[in-house]
Amino acid sequence: MNGPVNGPLDGLVRAAVWYGARDVRVVDVAVRAPGTGEVTLAVAYCGICGSDLHEYADGPHAIPVTHPHPESGVTAPLVLGHEFCGTITEVGPEVRGLAPGDRVAVEPHYRCGTCPRCRNGEYNICRHFGFAGLMGHGGMAERATVPAYMLHRLPDTVPLEQAAVFEPAAVALHALRRSGLRAGETVAVVGLGPIGLLIVMLAVREGAGRMIVADLSPARLDLARRLGATDLVRVADRDALPGLMRRAAGGEGADVAFEVVGSEGTLRTCLEATRSGGRVVLAGLAGTVSIDAFALVNREQSIIATVGYRDVYPDLIRLVEEGVDLTAIVTSTIPLRDVVSDGFEALLGGGDQIKVLVRPGEGSART
């Protein structure tokens with residue numbers, strides 16, 4: 001395995017390693033002892049993200065294969081997984097405020113700390129933007145070594161099962177903050193994957209008024225209803241979808257719409273379903289798209305991009321302590337050995353799976 005240059009090896013662990021498209025293997029890898037400013041943790045849970053699915057299905061997209069990422073020093077083959085949490089087993093030199101035995105959530109953003117954006121506190125758009133688990137070795141392994149700045153200590157009142165969903169919840173909460181959502185506003189969400197469902201959950205808690213959601217899946221629409229959605233629109237006819245969503249919003253259109261699919265068609269749907277003067281937030285990962293700029297200008301709409309998150313993990317800890325159940329979106333928890341069949345393939349298969357968590361320490365014995 002490739003890895004950062006500093007630090008001695010510290011034994012072998014089982015891990016899900018990306019070698020190429022449709023080539024993820026559960027194998028033995030060397031884990032590094034923590035270097036200066038680093039921490040090693042025993043991973044309790046690691047979620048499978050849509051980004052992981054893209055890398056598995058037809059990557060590489062973000063995974064470095066020829067040139068190492070500047071912060072991680074890593075190229076493929078690479079340990080996947082950026083949605084993880086666990087218990088600290090070892091701390092490196094110059095680590096303060098963390099100790100073995102601490103339960104932690106991982107905020108997997110790499111940051112250089114010196115570029116203009118980092119100095120301005122906008123570390124999610126660091127010049128060396130990246131994630132452990134995509135641009136460096138991640139947490140789909142029995143143990144992982146990461147920079148200490150990524151870790152948030154968990155109070156005893158926050159279960160690790162909840163912390164396992166912090167990363168996608170952070171994406172959703174940052175998107176809501178980027179939207180400028182105000183209490184009572186009508187919200188539309190197109191695409192009810194984990195991020196879309198978490199946007200519904202958190203927007204309702206933030207005081208959204210009418211909550212209109214659209215998706216192909218009856219099961220996901222039903223879960224959105226249980227999370228607080230007021231109007232469910234099944235995507236049977238894409239051409240009719242904007243009109244249906246506008247009518248659900250009283251004919252005027254939503255105040256703010258979240259595009260959480262990542263396609264040109266759903267972006268256009270969001271724009272058409274949003275009122276004049278409204279906002280559309282791009283949370284999905286789309287490629288090149290074309291839009292009617294004339295209509296955009298005449299309706300004075302805003303398109304807002306959002307990527308990752310910053311300064312939200314403390315708020316997620318508080319929300320869980322207040323009773324928010326982020327695990328409502330979790331549909332399956334599986335052992336590491338089954339990550340391909342019951343994880344990647346199941347999620348790509350179009351069934352009812354929404355968020356799959358992997359337990360690296362469960363059923364990962366060497367065979």
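Me: How many salt bridges does the count come to?

Reply: This is a predicted model, in which local features need pLDDT of at least 70 and side-chain atom pairs count only at pLDDT 80 or more, while totals for chains, interfaces and linings use all residues. Residues are numbered from 1 along each chain as its sequence is written, and side-chain values use heavy atoms, with hydrogens and water left out. A salt bridge is taken as a side-chain nitrogen of Lys or Arg within 4 Å of a carboxyl oxygen of Asp or Glu. By this rule the count comes to 19 salt bridges.

Me: Which residue meets Arg 22 in a salt bridge, and how many residues apart in sequence are the parts that the pair ties together?

Reply: The side chain of Arg 22 meets that of Glu 345 in a salt bridge of 3.0 Å, N to O. Arg 22 lies in the loop between strand 1 and strand 2 and Glu 345 in helix 11 (residues 339–348), so the pair ties together parts of the chain whose separation in sequence is 323 residues. Helices (H or I, at least four residues) and strands (E, at least two) are DSSP runs, numbered from the N terminus. The partner is therefore Glu 345, and the parts are 323 residues apart.

Me: What phi does Arg 22 have, and is Arg 22 buried or exposed or in between?

Reply: Arg 22, in the loop between strand 1 (9–20) and strand 2 (23–32), is not a glycine and yet has a positive phi of about 60°. Buried means under 20% relative accessible area, exposed over 50% and partly exposed in between, with a 1.4 Å probe and protein chains only. With a relative accessible area of 47%, Arg 22 is partly exposed.

Me: Where does Glu 94 lie, and what is its relative accessibility?

Reply: Glu 94 lies in the loop between strand 5 (83–91) and strand 6 (103–106). Its phi is positive, about 65°, although Glu 94 is not a glycine. Glu 94 counts as exposed because its relative accessibility is 61%.

Me: Which residues do salt bridges that share partners join into one network with Arg 318?

Reply: Arg 177 and Asp 315 meet through their side chains in a salt bridge of 2.3 Å, N to O, and this pair links distant parts of the chain, with Arg 177 in helix 4 (residues 166–179) and Asp 315 in helix 10, 138 residues apart. Arg 205 forms a salt bridge with Glu 322, the closest N and O atoms being 2.6 Å apart, and here the link runs from helix 5, which holds Arg 205, to the loop between helix 10 and strand 15, which holds Glu 322, 117 residues apart. Salt bridges that share partners join Arg 318 into one network with Arg 177, Arg 205, Asp 315 and Glu 322.

Me: Which residues does Thr 327 touch, not counting residues up to four places away in sequence?

Reply: Thr 327 is found in the loop between helix 10 (313–321) and strand 15 (330–335), and its C-alpha atom is separated by 7.1 Å from that of Glu 161, 166 residues apart along the chain. With contact meaning heavy atoms within 4.5 Å, and leaving out residues up to four places away in sequence, Thr 327 touches Glu 161, Gln 162 and Val 165.

Me: Why are the buried residues of helix 6 on the same side, and what covers them?

Reply: In helix 6 (residues 218–226), the buried residues are Arg 220, Leu 221, Leu 223 and Ala 224. They cover an arc of only 160° around the axis, which puts them on the same side of helix 6, the arc being that of the directions from the helix axis to the C-beta atoms. What covers these buried residues includes helix 5 (194–205), strand 10 (211–215) and strand 11 (231–234).
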